[in-house]
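Let us walk through this structure together, moving from one chain to the place where two chains meet. Keep the view open beside you as you read.

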Amino acid sequence: VKILIAEDDPISMLVLRRAVEKLGHECVTAADGTEAWALFQETPFDVVVSDWLMPGIEGIELCRRIRAVEAGSYTYFVFMTALGGKQNFLAGMRAGADDYLSKPFDLDELEARLIAASRVTSLHRKLRDQNAELERLIKSSFEVARTDPLTGVGNRLRLREDLEAIGARVERYGHRYCAALCDLDHFKKYNDSHGHLAGDEALRAVAQALVAGLRKGDAVYRYGGEEFLAILAEQTLDGAGIAMDRVRLAVEQLAIPHRGKTPPGVVTMSAGLATLDAADAAMTDAWLNRADEALYCAKATGRNRVVACDTQVDGPPTLRAVPPSEG
Amino acid sequence: VPAMPSVSSTPPPGAPIDPAVLGKLRRMQSAGGPDVVVEVIDLFLGMAPGRLDALRTAAEAGDAAELGRLAHTLKGSAAQVGAMGLWRLCLRIEEIAAVAREPGGELGNPASLLRLLAAEMERVRVALEAERSGVAP
């Protein structure tokens, strides 16, 4: 164990140092509490053996400071009390010390303290490691529970949680979000003619294209079998339309052959867009329904296109096609 | 709580050094390391004159706080070499200094106590030097 000795009497210090060495441990020495505190802040020690009365920072204050800063690791603190000065030791224990040693101590007494110290510090170390492992596991299961295993994007659980937060942000801070509901065209036919494994690959490729084509603050979720939902932050409907049509084009340019449609071609994607305004922040369902309507319109008007649902101050929402990007 | 050793301002009877304490020191000897008893005795005797002078200076200046602190440190050293008579005299000075620091307290004249301390220190020196020549190579 690594031991720090704080002792202002050079003779007691020498005796203690020789005793610690005899027991086969390393030690660092400080001539008073102030020096000990400085050394401790540089590098933590397993054991501190400290005199009670010292110039500068006294033993009890040194103990309190060490207890206040230690995180994760534990320092076993032993007070040295003068012969006949035992009235102090309870105050020391109350300040956070683990044990005390009376001068002149003998080797067995010191060894007993060091045995207890190594037991306690290794127990603390084990506990700390287990806690870290537990924390890591909790964090990773949290992630796993909210991730679509096939594509790596968020799943419905993450979407539900994010939607609540988004509704609150729109209402409170007036942030603006666009939802883009995306659907692979003729995907059932793709699975039928290429097989489900190829279908999975196509879904993965499209998810990647979505994530790569959007901004860092945007989010992508797997919404259904061949449906993805992208939520674009701080975009106008026009801006989101341009971004989504770029992604649509990128999917087309992946050039994944699709033999199941007539005539045979490549895998494409349709998307429907809608904005969430402060007026209906609490109604994220209605928001997604508008995106769904726009998606339906994109499907009905030929697929491989993006349609936006424009909500007006008065009057019903209108659907309009987003002009295709330059290929 | 063990009984405190009785406190007396007269030189204690018997040996100035408790051989059991030196026995404890000997057990701290590492194979191949420096002789612990010789090291401790040399350090103790090397510091003794300076410490006595410092105690006298503090007493003459009427500095009760400094006198108490010096006596406390010397008391710790005395305990480590088994100089129990010296230890008792240091405790006595420490107590006088503590009383003097209380409101309305006065240090009085600790000179006689310091003379006893010097005499006891001399006995300790003789005993430790004998011990040292006995154990030195």
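How many of the 327 residues of chain A, as a percentage, count as buried? The value is 47%, where buried means under 20% relative accessible area, exposed over 50% and partly exposed in between, with a 1.4 Å probe and protein chains only. Before going further, please note that this is a predicted model, in which local features need pLDDT of at least 70, side-chain atom pairs count only at pLDDT 80 or more, and totals for chains, interfaces and linings use all residues. Residues are numbered from 1 along each chain as its sequence is written, chains are lettered from A and ligands numbered from 1 in the order in which they are written, and side-chain values use heavy atoms, with hydrogens and water left out.

Chain A holds 10 helices and 13 strands; these are DSSP runs, H or I of at least four residues for helices and E of at least two for strands, numbered from the N terminus. Contact here means heavy atoms within 4.5 Å. Of the contacts in chain A between residues at least 6 apart in sequence, 62% join residues at least 24 apart.

Now turn to the meeting of the two chains. Chain B brings 28 residues to the contact and chain A brings 22. About 2,300 Å² is buried between them, with carbon and sulfur atoms giving 67%; this area is the accessible area (1.4 Å probe) that two parts lose on being put together, summed over both. On the chain B side, B:Arg27, B:Met28 and B:Gln80 lose the most area to chain A, together 29% of what that side buries.

Three salt bridges link chain B and chain A, each a side-chain nitrogen of Lys or Arg within 4 Å of a carboxyl oxygen of Asp or Glu. B:Arg51 pairs with A:Asp9 in a salt bridge, their closest N and O atoms being 2.9 Å apart. The elements of chain B that give two or more residues to the side touching chain A are α1 (19-26), α2 (36-60), α3 (64-81) and α4 (84-101). Among these, α3(B) supplies the largest share, eight residues.
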